[in-house]
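I opened the two-chain file today and kept notes as I went. The entries follow in the order of looking.

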Amino acid sequence: MVGKRMFFTYVALFVCLLMAMFPIYWMLNTSLKAAREINQRFPTYWPEKVTTESYVELVDMGFMNNVKNSLIVSLLVSIGSILASMFAAYAIARLNFKRKKLISRFIFYAYLMPRTVMYIPLYIVTTNVGLRDSLWGLILVYPTFTLPYATWMLISYFKKIPKELEEAAIVDGETKFGSMVKIVFPLAAPGIVATMIFAFTLCWSEYLYALVIITSTPQKTISLGLYDLIVDDLYAWGPLMGGSIIAAVPVIFLYFFASNYLVKGLAEGGVKG
Amino acid sequence: MSSLVKRLIYPSLGNDSRLAFLLLFPAVAYLVLVMVLPLSWAVSISFTNKYVGRPAQFNGLENYIKLMRDPIFFRAIWNTLVFTFFAVGFKVIFGVCVALILNEPIKARNVYRSLLLLPWTLPAVVVIYTWQWMYSDVGGVINDMLKRVGIIEGAIGWLSQSGPLAMFSVIVVNVWRGTPFICISALAGLQTIPGELYESATIDGANSFQKFFKITLPYIKTVLMLAALVTTIWTLNNFVMIWLLTAGGPGNATHIIATYSYLVGFTNRLLGQAIAVTVFTMPFIILLVNFITRLALQED
């Protein structure tokens, strides 16, 4: 009875894995084929000849510049917003002050505010401050989603750190600010790093704001750069899948690195966009 | 200067307000300046004839009246509801199923969990191009597989054929990418259920269905509800998936409000009217956000 149940569990698990993994395999499979093999009538389920042709073509087309742009924006925004979030989250998690409820509610609202509502206002702002078609424009607006997200996640991490540790330090003559920097931040370091990683991946994957703010090729991020591989409705599937692999690998790597924290964070009512 | 620094570094015990203010200031000031003000400003622009690159002139409710007369707008509203309803519905059903599988005592569960989380971790654009390629009627793997097993004879234009097929195809992509999020949330809920509950239910002679509806579902209800509502917001506003897969086509069959607003604002360059689209949908979004906030803070 138990054996039978587990047998069906594993069969079902296998089906789920197949469904989840096949498109990822297909992306990799296509990226390693030669253009001639991709364009034939029947797809080959394993590359007849493994080649890096598509990747070479990507590099020739300047895709690495898109990667560099994404890297700059994602790094600056995730570091900058995690700093502001750490302070804000500490205040909400640990301090008593008037209008605390209002402010935490405001941040949660900001977190849930869809980008499709914000994209035109942000387009107008970046245009008016002269940052259109500039990476700085993205750096200005991306914290609108990373900052509320990171704050919200960090509040739950900070709340888990025992209050007694801080109280003991304060009795020993430490200030609140000092106990925050010396006790809460170091103890929450894994959570802070994980949150920063997810903030990074949010920026790395962003499309809509980049679409309206960036127009010229040298400023384009990965999401936009991939689109440029489609010329006159002709899809260069090899390079497109190669570019997708390049865009996906850092994110997959970072997620695996931080996935335990992610799962915990989700479990504790934090959610990710 | 020195007094400010002193207060920052040596705030008196028990008086948190000053420290709280300083700590919150950067984040809150940023959000007010870059989110609240631009959004309010944009709302005022919806009452003008703002065109990309031209100054705005007040034109009252004209944008809203035009909107009311545009059948494509209503088509987009309907499509948004259909897309969201089915996509969220299937994500919740599949997510719970996968969570139930992962909750069984399987070996190396963490490895499977991470692998099943992968679709959700990928950048949306990557997911979209991969599926577009799989859907392709020239050399696409989905058509090839279905032909091999004899279900179809000729290639199907999954994203381009008229009728409900294109909507179905974009929902599939959305469900594929979004299911892991529900799954992980549901799994977290499942793991809080004490095993004794099932044991005593078994002794009482309850079958699996009874156990699921009487124990499992009530236990994970809140966390599942929260995850489903947050997913609803994301799905309602999933611009990129529709825009890159079908651009709203064929024949507006997949236009949702988000893609329609982009079409008006950036393809047709009628910014004022595009914001009117957003303003029109805002009450619903705010209602939803309000509801989620109450649920989430209550959970806390």
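**Entry 1**

In which loop of chain A does Asp133(A) lie? I found Asp133(A) in the loop between helix H6 (115–128) and helix H7 (135–141) of chain A; helices (H or I, at least four residues) and strands (E, at least two) are DSSP runs, numbered from the N terminus. I looked there for the backbone angle: phi of Asp133(A) is near 55 degrees, a positive value in a residue other than glycine. Most residues other than glycine have a negative phi, and most peptide bonds are trans. Asp133(A) counts as partly exposed because it has 16 C-beta neighbours inside 10 Å. The cut-offs are 20 or more other C-beta atoms within 10 Å for buried, 12 or fewer for exposed, and partly exposed in between, with C-beta atoms placed from the backbone.

**Entry 1: what I am working from**

This is a predicted model, in which local features need pLDDT of at least 70 and side-chain atom pairs count only at pLDDT 80 or more, while totals for chains, interfaces and linings use all residues. Residues are numbered from 1 along each chain as its sequence is written, and chains are lettered from A and ligands numbered from 1 in the order in which they are written.

I checked the confidence of chain A: its mean pLDDT (the predictor's confidence in each residue, from 0 to 100) is 90, and 94% of its residues reach 70 or more. Residues 269–273 of chain A fall below 50, and this stretch has 16 contacts in the model beyond near neighbours in sequence. Two residues are in contact if their C-beta atoms, placed from the backbone, lie within 7 Å.

**Entry 2: chain A overall**

I counted 14 helices and two strands in chain A. Its C-alpha trace spans about 75 × 70 × 30 Å along the principal axes. Of the 273 residues of chain A, 51% are buried. Among its contacts between residues at least 6 apart in sequence, 75% join residues at least 24 apart.

Ala194(A) sits in helix H11 (residues 189–205) of chain A and is buried, with 24 C-beta neighbours inside 10 Å. Phe257(A) is 63 residues from Ala194(A) in sequence, and the two are 8.5 Å apart in space, C-alpha to C-alpha.

**Entry 3: where the chains meet**

How many residues of chain A are in contact with chain B? I read 80 residues of chain A in contact with 72 residues of chain B. Helix H14 (residues 237–267) of chain A gives the most to the chain A side, with 14 residues. By class, that side has 59 nonpolar, 16 polar and five charged residues. Here Ala, Val, Leu, Ile, Met, Phe, Trp, Tyr, Cys and Pro count as nonpolar, Asp, Glu, Lys and Arg as charged, and the others, Gly among them, as polar.

I then took Leu226(A), in helix H13 (residues 222–228) of chain A. Leu226(A) is buried, with 28 other C-beta atoms within 10 Å. Leaving aside neighbours within four places in sequence, the contacts of Leu226(A) include Leu240(A) and Ala247(A) in its own chain, and Val125(B) and Tyr129(B) in chain B.

Chain B has 13 helices and zero strands. Buried residues make up 45% of the 300 in chain B.

Chain B is divided into domain 1 (2–45) and domain 2 (63–299), with bounds from an automatic or database domain assignment. Their centres, over C-alpha atoms, are 36 Å apart.

The largest nonpolar core has 175 residues, and Tyr90(A), Ile128(B) and Val240(B) have the most contacts inside it. Such a core is a set of buried Ala, Val, Leu, Ile, Met, Phe, Trp, Tyr and Cys residues joined through C-beta atoms within 7 Å. Both domains of chain B give residues to this core, so it lies between them. Leaving aside neighbours within four places in sequence, Ile128(B) is in contact with residues including Val173(B), Val240(B) and Leu244(B).

**Entry 4: backbone of chain B**

The peptide bond from Gly249(B) to Pro250(B) is cis, with omega near -10 degrees. Pro250(B) is in the loop between helix H11 (239–245) and helix H12 (257–267) of chain B.
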